[in-house]
Amino acid sequence: MTKKLGFGLMRLPLLDKNDDGSIDVELCKKMFDRFIENGFTYFDTALMYCGGNSESAVRQALTSRHRRDSYTLTTKLHCMYLKSKEDRDIVFKRQLEKTGVDYFDYYLIHDIGADTYKFYTDLDCFNWLIAKKRQGLVKSIGFSFHDNADLLDKILTEHPEMEFVQLQLNYIDWESVAIQSHKCYDVCVKHGKPVFVMEPVKGGTLAKVPEKVEKMFKDHSPAMSVSSWAIRFAASQPNVKIVLSGMSDMAQLEDNISYMSDFKPFTEEEHRLVRLAAEEINSTIAIPCTGCSYCTGGCPQHIAIPKYFSLYNADKQEVASKPWTPQGEYYDRLTRVFGKASDCIGCGQCERACPQHLPIIENLKTVAKYFGK
């Protein structure tokens, strides 16, 4: 694997924007073909992505149409599907069938944190994954991580057999006290484990930045897209092996290809500019949601949590003097399809599923009050 851009399959093109499972398979075919034609090979999926349909789309648009040696495929084992040790093999067999392959190039224990580390340890998932590699069903083993650097150091010390770590890494989380992207990256360097990057654009947040930041970027590189700064920042870290980008239309794909086909690492000046950008952007984000939608699958009230948080963030970033903003209307229209923010019953399912560990229940109360005006 020589090129650092990977295709993240959590945010695929949809036929219905209000239905995460309505994947536009025909457009995926065109995008996957274009990606491979340009020398990129890495595809990353998971059982829960796109309403549970991402792995099936992989079979329809990728594995049934391309030679097995022309792509590398990654998927994951998530604790939400496990109640016993027997479930590990049930999930794995299902994933092989859904994706249409007889082995995975990369396989991750998914979303490890303080709570899930004990869960995965109790179910002996690390040894289970080692066995899958010995059987030839997985080529390379690792895990994705959402927690602090001290815990990551502990896990890598206890499990040196893990070959890579997938981290949330972007320029606004780089020095975050809560997410600790930089500290976690340094732990991986210490243990000699390459980093695979998720959320480099933070769920689209870094594709639409405040005007002041966009002007700063455009003044430096007029032809470069705003999101390119986020992808290139992540890829410029020496220990980063792959940067996943969730591309949901052909324009995003073409943009990413344009600067990642012949990738040029950041200059010192570009590093300086993103540090300034991070300070500006972090001062304007109200709810740091990445839009992964893990929270929505089991919501009994069918609340569009990430969509509501995105609208709230967007409205809070509007110029205060504007007499009208569109976000309220978007919210009202969404509530005709989904539950309202005020419909939350506080069951806590969403907070248990959130890899960012956000106080979702309280944030929904804030959103309900804000858009209920």
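Predicted model: local features only at pLDDT ≥ 70, side-chain atom pairs only at ≥ 80, totals over all residues.
Biologist: Where do R34 and E37 lie?

Modeller: Both residues are in helix α1, three residues apart, which is about one turn of the helix.

Biologist: And are they buried or exposed, say E37 to begin with?

Modeller: E37 has a relative accessible area of 60%, and because that is over the 50% cut-off it is exposed, whereas R34, at 31% relative accessibility, counts as partly exposed.

Biologist: What about K76, which residue does it form a salt bridge with?

Modeller: K76 pairs with D44, and the closest N and O atoms are 2.7 Å apart.

Biologist: Is K76 buried or exposed?

Modeller: K76 counts as buried at 2% relative accessibility, and D44 is buried too, with a relative accessible area of 2%.

Biologist: Back to R34 and E37: which residues are joined with them into one network?

Modeller: Salt bridges that share partners join R34, E37 and E254 into one network.

Biologist: How many salt bridges does the count come to?

Modeller: The count comes to 21 salt bridges. One of them is between the side chains of D20 and K307, at 3.9 Å from N to O, and this pair also links distant parts of the chain, with D20 in the loop between β1 (5–8) and α1 (25–37) and K307 in helix α13 (residues 305–316), 287 residues apart.

Biologist: How accessible is D20?

Modeller: D20 counts as partly exposed at 29% relative accessibility, and K307, with a relative accessible area of 26%, is partly exposed as well.

Biologist: New topic, helix α12: which residues are buried there?

Modeller: The buried residues of α12 are E270, H271, L273, V274, A277, A278 and I281. Seen down the axis of α12, they fall within an arc of 160 degrees, so they line one face of the helix.

Biologist: What covers them, and what is on the face turned away?

Modeller: The cover over the buried residues includes α9 (211–220) and α10 (226–235), while the face turned away from the buried side carries the exposed residues E268, R275 and E279.

Biologist: How far apart are the end C-alpha atoms of α12?

Modeller: They are 21 Å apart, which agrees with the 21 Å that the 15 residues of α12 (residues 268–282) should span at 1.5 Å a residue.

Notes. Residues numbered from 1 in each chain as written. Heavy atoms only, no water. Helix = DSSP H or I, 4+ residues; strand = E, 2+ residues; numbered from the N terminus. Expected span 1.5 Å × (residues − 1). Buried < 20%, exposed > 50% of the residue type's maximum accessible area, 1.4 Å probe, protein only. Arc of directions from axis to C-beta. Contact = heavy atoms within 4.5 Å. Salt bridge = Lys/Arg side-chain N within 4 Å of Asp/Glu carboxyl O.
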